[in-house]
Amino acid sequence: MQNKKAIRSLAIILALVSLYQLFFTYKTRQVENAAREFALGDPVKEKSYLDSIQNEVVYNLGVAKFTYKECKELELNLGLDLRGGMNVTMEVDVVDVVKSLANHSEDPSFNAALAEAVKLRVSDPTDFVTLFGQAFERIAPNAQLASPAIFGTREMEDKINRGASNKEVLDVIREAANGAIDNTFNILRTRIDRFGVTQPNVRKADISGRIVIELPGVKDPQRVRELLQGTAALEFYETYDQQDYHPYLEAADGKLREVLRAREVLQAPAAGENAPVSPAVDSLTSPAETGSELMDALNRQQDSLSGDDPLALAGTNPLFALLQPNPPLPDVHGGSSAVGYALTRDTARVNEYLAIPQVRNLLPRNSRLLWGMKATNGYAVLYAIKITTRNGKAPLEGDAITDARTSYDPQSGRPTVSMTMNGEGARTWARLTKENINHAIAIVLDGMVASAPNVMNEISGGSSQITGNFTQRETEDLSNILESGKLPAPAHIIADEVVGPSLGMEAIQSGMWSFVVAFVVVLLYMFFFYSKDAGLAANIALLANLFFLFGILASIGAVLTLPGIAGIVLTMGMAVDANVLIYERVQEEMRSGKGLKLAIKEGFQRSYPAIIDSNLTTMLTGIILYYFGEGPIKGFASTLVIGLITSIFTSIFISRLVLERLARKRDTVTFTTRATASFLRDTKYPFLKKRVISYTVSGVLIVIGLVSLFTRGLDRGIDFVGGRTYTVAFAPDMKVAVEDVAEALQGVYESAPEVKTFGTANQVNITTKYKYDQLSAEVDAEVDSLLYAGLQAFIPAGTTYAQFREVNLQRSQKIGAAVAEDMTRAAIWSVIFALAGIFLYILARFSRWQYGVGAVVGLAHNVLIVLGVYSIFSGMLPFSMEIDQSFIAAILTVVGYSLNDTVVVFDRIREYRRLYTKRGDESVVNDALNSTLRRTFNTSFSTVVVLVAIFIFGGASLKGFIFALLIGVIVGTYSSLFIATPASYDLSKKKTSEEKVKK
């Protein structure tokens with residue numbers, strides 16, 4: 001092998017990078033284990049411990065140091081199905097944005113087009129503005145959107161010119177709608193930061209206007225729903241200056257000291273017991289220290305104080321120990337209106353202290369304390385706004401703004417924000433600025449201060465410029481906030497899924513068991529079939545493959561899900577295929593009389609085409625899955641694709657390095673054992689002569705399946721029909737009759753839900769369509785509470801709703817009609833693209849359309865049989881056989897895997913046609929099938945063994961998914977031998993006959 005040093009160097013570099021990346025995960029687990037030991041089962045204490053060390057260095061490499069927070073960001077992430085939490089898909093409703101831009105026009109064509117676009121968006125993923133434009137063209141083909149009756153209003157005259165085309169108007173509306181979506185995205189991200197969850201993930205979905213949110217460890221899903229769907233308000237308030245407000249905070253600090261000391265006395269231990277005293281209390285400053293001395297002393301003590309122990313804070317200055325009056329760092333500055341600075345982890349404690357009635361009464365009645373929206377270097381800024389109206393509302397709100405955009409200061413060139421207000425807003429703004437010269441006005445969004453610029457002079461006319469030390473991104477965000485303040489763009493939850501922590505822990509345990517068992521089985525099988533020499537090389541390559549795979553997953557920030565673990569385990573089974581191809585080739589070269597070293601060299605070289613072709617076709621289906629899938633399916637696809645890449649590298653290079661090293665040390669390297677030496681060797685099975693039998697058997701099975709599909713149909717999950725599903729666990733020794741559960745819930749829902757046993761006899765899956773298309777948080781709360789009410793007879797008496805949610809409710813999921821439609825469409829397109837891509841690849845690779853058609857016929861055969869099995873046995877087997885996203889992932893994996901077998905056979909047929917030009921086609925095809933039979937059996941058997949291990953040990957949620965894979969692999973192996981290859985032969989035979997006739 002050429003470039004051995006380069007290959008060896010690359011392997012070492014990959015190993016070091018993988019080790020470096022995985023060590024972040026090791027360090028975070030080490031810290032979290034210490035937190036659990038410290039907390040002794042108290043989750044609040046555990047979280048406080050972890051919050052207190054967020055910025056402590058836990059990973060020191062000398063040249064680089066990483067805090068716990070940084071390690072957490074770089075660790076291998078676990079999906080919500082493994083650690084519990086909430087996955088939410090939200091859709092920003094731009095209908096109100098379009099109405100607002102048209103000043104709520106009453107034009108009949110405009111409103112008819114809006115109504116039609118609302119109907120179309122359920123089944124069409126195109127963005128709403130485009131759908132509206134298409135509907136308007138159909139309804140009023142000669143009408144102009146720029147007319148004064150629709151968008152040609154005075155408020156829009158600076159953006160839409162008179163006589164502008166409909167396309168130009170739609171571009172302006174689309175830009176405004178996208179700005180509203182971006183602003184909603186930023187608002188949601190800010191709200192999520194308040195939940196205090198670890199590693200939240202917020203991203204925009206591929207479909208315009210949709211936002212996907214993942215919140216690990218959420219305990220109160222209903223609160224999350226309410227907070228996420230609340231309407232954001234943009235407001236302008238006058239503020240207190242820091243020097244004016246500081247005396248009130250000093251008084252509050254003194255009162256807080258008294259309150260905490262009184263609590264300490266009430267909680268003091270009995271006489272003779274040793275009261276716990278924190279050293280930080282004794283080392284606090286004395287009351288005599290004031291002014292700059294006090295500030296210096298507080299800054300010195302900030303890091304030594306425990307922000308989580310109220311007794312430790314019951315010292316001289318408990319409030320200022322957490323809330324620093326002066327900027328703690330040079331780049332952390334909130335301006336003259338900032339009254340304090342606190343670490344983000346301490347903001348909840350500061351809120352708690354300032355909410356104590358005795359403390360709150362010392363603050364001005366017309367003041368309200370709000371945190372800044374953006375934290376810098378871990379510090380949040382506290383502002384004191386003034387309430388100057390009788391009703392407590394802001395004197396100026398976001399609907400007064402007509403335009404806001406990023407501009408640049410002509411003198412400094414720095415980015416600024418320019419905003420324009422309507423007439424009434426301009427008058428209010430002039431009064432506010434006149435009364436607050438040299439003071440700040442706070443721009444408040446969603447209860448947090450987005451900016452607090454100082455007023456330099458009175459601003460009349462309604463046009464203003466906000467300057468500051470802004471970055472380009474900050475000015476764009478602020479202008480979006482101001483611009484969309486007048487654009488109501490509510491976000492609705494259209495799909496959500498909640499996984500309980502106990503179910504997540506069960507998934508981790510079952511996933512790890514399946515992984516370990518499958519891994520050990522594969523290692524033993526390779527030793528058994530290919531001896532200790534070749535088996536050792538294959539197993540070293542397999543170990544390296546897994547190490548590189550986990551390292552790459554951690555490096556790219558991938559999320560490991562339960563289907564992802566299944567993808568890794570499946571990759572192990574498929575990684576065996578490359579080694580099998582190589583070893584069978586090496587043995588063929590040795591039987592032809594070549595020496596060991598030459599046989600290894602040529603065996604590897606001649607197996608490359610089959611390895612590349614078979615893995616690329618499977619990789620193609622993985623890429624299609626990743627593109628069309630969501631959530632766990634993306635996790636499965638990413639691990640499958642990365643696993644295929646690493647398995648190619650390790651099988652081709654790592655195993656070769658090991659084998660060549662063994663060949664240099666001794667003259668013989670064994671590639672088989674006595675028990676397997678002659679297994680399926682030199683077979684002469686007449687595959688083509690038996691093809692009529694195989695066609696008949698397959699035809700009968702397909703017809704039976706089609707009859708079942710047309711009569712019984714398929715058990716479509718809520719992914720494709722919409723609805724709500726709940727997984728509920730009852731007492732471990734309780735056997736629940738699904739009919740009784742359905743009857744009990746029929747009394748609270750309008751119709752009986754579908755109830756199935758899930759895993760063990762004490763767990764059920766409940767699916768209902770009750771109000772699934774209504775998107776408010778109130779409806780979600782109603783449906784959940786009705787579930788609790790309906791199951792009273794099955795849970796212990798006295799169980800509260802909170803206990804039911806925490807103990808019994810393992811998982812809940814809601815899929816709206818629009819999401820179900822999108823998933824159905826994505827599933828159909830993914831299958832079509834997979835089949836088309838595979839056909840084109842085989843056509844290009846083998847230059848014969850007959851091969852492509854034969855392969856697609858075999859794939860269609862496999863899909864139809866798997867669908868038929870799921871239709872026939874649905875409801876008969878003790879696990880879920882729903883047709884959902886996971887099932888589509890299984891089908892596409894089967895497509896790629898069975899094609900793997902077919903391509904290897906086609907590759908051998910092509911080779912034999914070049915070698916044996918005098919043999920007839922039938923003889924060549926039969927010989928090729930027989931020569932690859934040993935490899936086909938080994939690959940399929942090792943994969944089946946792996947899948948059986950996952951099926952047995954992988955947990956209830958994976959059984960339906962793995963069962964589809966298991967059936968698909970068995971049927972796919974059969975079809976590559978008895979359907980796809982014979983079909984391509986029959987097509988080629990017909991072509992040959994036609995050519996002979998022409999000649």
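## Helix packing, rings and loops in a predicted model

Tyr851, Ala855, Leu859, Asn862, Val863, Val866, Leu867 and Tyr870 of helix α28 meet Phe887, Ile891, Val894, Val895, Ser898, Leu899, Thr902, Phe906, Ile909, Arg910 and Arg913 of helix α29. Contact here means heavy atoms within 4.5 Å. By type, the residues of this contact divide into 14 nonpolar, 3 polar and 2 charged. Ala, Val, Leu, Ile, Met, Phe, Trp, Tyr, Cys and Pro count as nonpolar, Asp, Glu, Lys and Arg as charged, and the others, Gly among them, as polar.

This is a predicted model, in which local features need pLDDT of at least 70 and side-chain atom pairs count only at pLDDT 80 or more, while totals for chains, interfaces and linings use all residues. Residues are numbered from 1 along each chain as its sequence is written, and side-chain values use heavy atoms, with hydrogens and water left out.

Now the geometry of that helix pair. Helix α28 spans residues 849–873 and helix α29 spans residues 885–915. They pack at an angle of about 145°, with their axes 10 Å apart. Axes are lines fitted to C-alpha atoms, for helices over the stretch in contact, and angles run from 0 to 180 degrees between N-to-C directions. The crossing of α28 and α29 is right-handed. A crossing is left-handed if the near helix is turned anticlockwise from the far one by less than a right angle, and right-handed if clockwise.

Step back to the whole protein. It has 32 helices and 22 strands. Both are DSSP runs numbered from the N terminus: helices are H or I of at least four residues, strands are E of at least two. Of the 999 residues, 54% count as buried. Buried means under 20% relative accessible area, exposed over 50%, and partly exposed in between (1.4 Å probe, protein chains only). Among contacts between residues at least 6 apart in sequence, 75% join residues at least 24 apart.

Aromatic rings come next. The structure holds 39 aromatic pairs. Rings of Phe, Tyr and Trp (its six-membered ring) pair if their centres lie within 6.5 Å; planes under 30 degrees apart count as stacked, over 60 as edge-to-face and the rest as tilted. Phe547 and Phe548 form a tilted pair, 6.4 Å centre to centre with 45° between the planes. Phe547 is partly exposed at 30% relative accessibility, whereas Phe548 is buried at 4%. Tyr912 and Tyr916 have ring centres 5.2 Å apart and planes at 85°, so this pair is edge-to-face. Tyr912 is buried at 11% relative accessibility; Tyr916 is partly exposed at 31%. Ring pairs also link Tyr525, Phe529, Tyr530, Tyr583, Phe671, Phe679, Phe937 and Phe941 into a cluster.

The charged end of Arg919 sits over the ring of Tyr916, 3.7 Å from its centre. Elsewhere, Lys386 lies over the face of Tyr240, 5.1 Å from the ring centre. The criterion is NZ of Lys or CZ of Arg within 6 Å of the ring centre and within 35 degrees of the ring normal.

Another arginine, Arg585, is placed in helix α19 (residues 562–591). Arg585 counts as buried, at 5% relative accessibility. Residues up to four places away in sequence aside, Arg585 touches Gly603, Arg606, Ser607, Arg908 and Glu911.

Now the loops. Gly398 sits in the loop between β11 (396–397) and β12 (401–408). At 2% relative accessibility, Gly398 is buried. Gly398 and Glu235 are 163 residues apart in sequence, yet 5.9 Å apart in space, C-alpha to C-alpha.

Most residues other than glycine have a negative phi. Leu680 has a positive phi, near 55°. So does Asp682, at about 55°. Leu680 is found in the loop between α21 (632–665) and α22 (691–711), and Asp682 is found in the loop between α21 and α22 as well. Leu680 is partly exposed at 26% relative accessible area, while Asp682 is exposed at 63%.

Last, helix α3 (residues 68–74), where Lys69 lies. Lys69 is partly exposed, at 40% relative accessibility. Leaving aside neighbours within four places in sequence, Lys69 is in contact with Gln54 and Asn55. Lys69 and Val57 are 12 residues apart in sequence and 8.9 Å apart in space, C-alpha to C-alpha.
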